[in-house]
Amino acid sequence: MFILNAMKFAWSPETLLPSLLLTLKGMIGIFAVILVIWVFVAILNKVTGKKEK
Amino acid sequence: MEQFVELFSNVANFTWQQLLMIAIGAALIYLAIKKEMEPTLLLPMGFGAILVNLPFVNTEAIETLFNAGIATELFPLLLFIGIGAMIDFGPLLSNPKMFLFGAAAQFGIFFTFIMARLIGFTLQDAGSIAIIGAADGPTSIYLANYFKSNYQGPIMVAAYSYMALVPIIQPPVIKLLTSKKERCIRMPYSPGAVSGTTRVLFPIFVTVVSGTIAPKSAELIGFLMFGNLIRECGVLGSLSETAQKSLANLVTLLLGISVAFKMKAELFITAETLAIIALGLVAFIFDTAGGVLFAKFLNLFLKNKINPMIGAAGISAFPMASRVVHKLGQQEDNQNFLLMHAAGANVSGQIASVIAGGLMITLIEAML
């Protein structure tokens, strides 16, 4: 706490809950986008892979 | 004689803060040349830091460059065209489950956001600082500038310095979280064939999906994927080469010295800078931990186990992270070849970090 005061920072525990919520939304968002891309690539690999054979 | 003395009168105008910044600039140049740490950026930044901290120096030209290239977000976006043209997504497209590790290894960004908020940074500054964990310089610059953060200088220095320090930061974290047995897990590499159609449609699809779900990331991901489309389309070889070499080099050259505009002593020598440097390290550590722990979690359900070190390659620092993982694997078992798996996770991290940046903007704006 002393260090925080010396650095002119304010310990702000009230930010924890909204920050956790943002983290949850952010990680879900990233996984959602990545999963959609994964599924698309998997389908594309299957479809175009067959064509090339 | 008096006139001669007058020539040197400006020496007395140096403040200790300016001298410290000049020492920091010299240290950056030393690291760039002697240690080859991100020399393309640390050297111009170091030189710029020396230049802007001379007493009564005229920095109009650097300010103009900053306003033209960074305040407008042009430099990071143009650099992304070059980076996109350099990246071969082949290892990822042939082994698409590696996509997951790119997502998991963004955890450090959000963990750092929580920490930054807890010690009192504003939402915008916390978001800008957290994105150091994207391990992706242009994204860090883009966000810090988007949020008009007062800490653009320290954020950019931290982002590029830690990227160069990946080979030092990651191994202890990986070793701490994995057993020797886990690090020895072999993963045979049997990639599926990737068609030209997949390679061409991939950048277009990623742009559409990412831009739709996280519109704020559309520009960043769009420029990255545009560069990749030029590379993969097969009819723009000359443009691809220009993007990879001339464009990337030119922008990098100007980017480093433009960033130095925010490295003036009065903006940089603050307690907050120390906190930002520390938070940047936290971001990289928890990115690595997020990726490794996610791989261990997946292993609970998988018959063919994944070497959990692959998770650490999910951070965007390309290609350092994949090399670190491969090297660690070889240290434990010299017949273990993890490079291609790690490269897949690594390029996935490149995409995921940009998506994380876009989501961070969207989520923070919703809270304002």
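A residue counts as buried if 20 or more other C-beta atoms lie within 10 Å of its own. Keep that cut-off in mind as you look through these close-ups of a predicted model.

**Figure 1. Phe121(B) sits in a loop between two helices of chain B.** The loop that holds Phe121(B) runs between helix 8 and helix 9 (123-130) of chain B. Is Phe121(B) buried or exposed? There are 26 other C-beta atoms within 10 Å of Phe121(B), so this residue is buried. If we set aside neighbours within four places in sequence, Phe121(B) is in contact with Ala116(B), Ala126(B) and Ile129(B). Look also for Ile276(B): 155 residues separate Phe121(B) from Ile276(B) in sequence, while their C-alpha atoms are 10.0 Å apart in space.

**Figure 2. Helix 8 of chain B is mostly covered.** Helix 8 has twelve residues, and ten of them are buried. Among the buried ones you can pick out Phe107(B), Phe110(B), Phe111(B) and Phe113(B), along with Gly108(B), Thr112(B) and Arg117(B). From its first C-alpha to its last, helix 8 of chain B reaches 17 Å, close to the 16 Å expected at 1.5 Å a residue. Just after this helix comes Gly120(B), with a positive phi of about 105°.

**Figure 3. Helix 14 and helix 15 of chain B lie side by side in opposite directions.** The axes of helix 14 and helix 15 (residues 218-232) of chain B come within 9 Å and cross at roughly 175°. That crossing makes helix 14 of chain B roughly antiparallel to helix 15 of chain B. On the helix 14 side, the meeting residues include Arg199(B), Val200(B), Pro203(B) and Ile204(B). Their partners in helix 15 include Ala218(B), Ile221(B), Met225(B) and Leu229(B). Sorted by type, the residues of this contact are eight nonpolar, five polar and two charged.

**Figure 4. Helix 15 of chain B has most of its residues buried.** How many of the 15 residues of helix 15 of chain B are buried? The count is twelve, including Leu220(B), Phe223(B), Leu224(B), Asn228(B) and Glu232(B). The cover over these buried residues includes helix 5 (74-86), helix 10 (137-146), helix 14, helix 16 (237-259) and helix 21 of chain B. The 15 residues should span 21 Å at 1.5 Å a residue, and the end C-alpha atoms of helix 15 of chain B are 20 Å apart, which agrees. Gly234(B) follows helix 15 of chain B and has a positive phi, near 85°.

**Figure 5. Chain A and chain B meet here.** On the chain B side, 38 residues are in contact with 35 residues of chain A. Helix 7 (99-104), helix 8 (107-118), helix 14 (196-213), helix 18 (271-299) and helix 21 (339-367) of chain B each supply at least two residues of that side. Which helix gives the largest share of the side of chain B that touches chain A? Helix 14 of chain B does, with nine residues. By type, the side of chain B that touches chain A has 29 nonpolar residues, eight polar and one charged.

**Figure 6. Ile355(B) belongs to the largest nonpolar core.** This core has 140 residues. Those with the most contacts inside it are Phe101(B), Ile129(B), Ala130(B), Ile310(B), Ala321(B), Val325(B) and Ile355(B). Helix 21 of chain B gives the most to the core, with 15 residues. Beyond residues up to four places away in sequence, Ile355(B) touches Ile30(A) and Val33(A), and also Ser210(B), Ala214(B), Ser217(B) and Ile221(B).

Figure 7. Pro319(B) lies in the loop between helix 19 (309-312) and helix 20 (320-332) of chain B. Glu36(B), in the loop between helix 2 (16-34) and helix 3 (39-52) of chain B, has 10 C-beta neighbours inside 10 Å and so counts as exposed. Ala135(B), in the loop between helix 9 and helix 10 of chain B, has 34 other C-beta atoms within 10 Å and is therefore buried.

Conventions:
Residues numbered from 1 in each chain as written. Chains lettered and ligands numbered in written order. Predicted model: local features only at pLDDT ≥ 70, side-chain atom pairs only at ≥ 80, totals over all residues. Contact = placed C-beta atoms within 7 Å. Helix = DSSP H or I, 4+ residues; strand = E, 2+ residues; numbered from the N terminus. Nonpolar A, V, L, I, M, F, W, Y, C, P; charged D, E, K, R; others polar. Axes fitted to C-alpha atoms, helices over the stretch in contact; angles between N-to-C directions. Parallel < 35°, antiparallel > 145°, perpendicular 65-115°, else oblique. Core = buried A, V, L, I, M, F, W, Y, C linked by C-beta atoms within 7 Å. Expected span 1.5 Å × (residues − 1).
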